[in-house]
Amino acid sequence: VIPFKDITWNFWDAMAKLEPFGMKNPEPIWMLRNVRVLDGKIFGQGHLKMNLVSDEHPDSDPISSIQFFTKLDKVPTTPIDIVFKLSVSEWRGDSS
């Protein structure tokens, strides 16, 4: 479990130092508890794109997330716990 406020670019840089990931060095799996979907939509063949926020850390920036092949038929409206692998999306020189 990681606090929402700790997911920063500095954290990403520190995690990158653990690479390369593979059989003998598995990629870390993280958990956030009690996060809220600020906004989201289901698109394609059951993919959920959402921006997550934490009421415990209101000064933290929202975190963008995509859940592929979700079985949900609507965007969650109550706080959720999520398990994830951290990655960076790059598009036209912009990272998120």
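Analyst: Let us begin with a definition: buried means under 20% relative accessible area, exposed over 50%, and partly exposed in between, with a 1.4 Å probe and protein chains only. This is a predicted model, in which local features need pLDDT of at least 70, side-chain atom pairs count only at pLDDT 80 or more, and totals for chains, interfaces and linings use all residues. Residues are numbered from 1 along each chain as its sequence is written, and side-chain values use heavy atoms, with hydrogens and water left out.

User: What share of the chain is buried, then?

Analyst: Of the 96 residues in the chain, 27% are buried.

User: In what order do the strands of the open sheet come?

Analyst: Four strands form that sheet in the order β3-β2-β1-β4, with antiparallel pairing. Two strands pair if DSSP finds at least two bridges between them. The edges are β3 (63–67) and β4 (80–84), each of which pairs on one side only.

User: What holds paired strands together, in general?

Analyst: Strands of a sheet pair through backbone hydrogen bonds, either parallel or antiparallel.

User: How many bridges does each pair have here?

Analyst: Strand β2 (residues 47–53) is joined to β3 by five bridges, and Met-50 stands opposite Ser-65 in β3. Seven bridges link β1 and β2, where Ile-42 faces Leu-48 in β2.

User: Which residue takes a positive phi in the hairpin of β1 and β2?

Analyst: That residue is Gly-44, with a phi near 60°; the hairpin has three residues between the strands.

User: Changing topic: what share of the contacts link residues 24 or more positions apart?

Analyst: Such pairs account for 56% of the contacts with a separation of 6 or more. Contact means heavy atoms within 4.5 Å.

User: Finally, what are the dimensions of the chain?

Analyst: Along its principal axes, the C-alpha trace spans about 35 × 30 × 30 Å.

Conventions:
Helix = DSSP H or I, 4+ residues; strand = E, 2+ residues; numbered from the N terminus.
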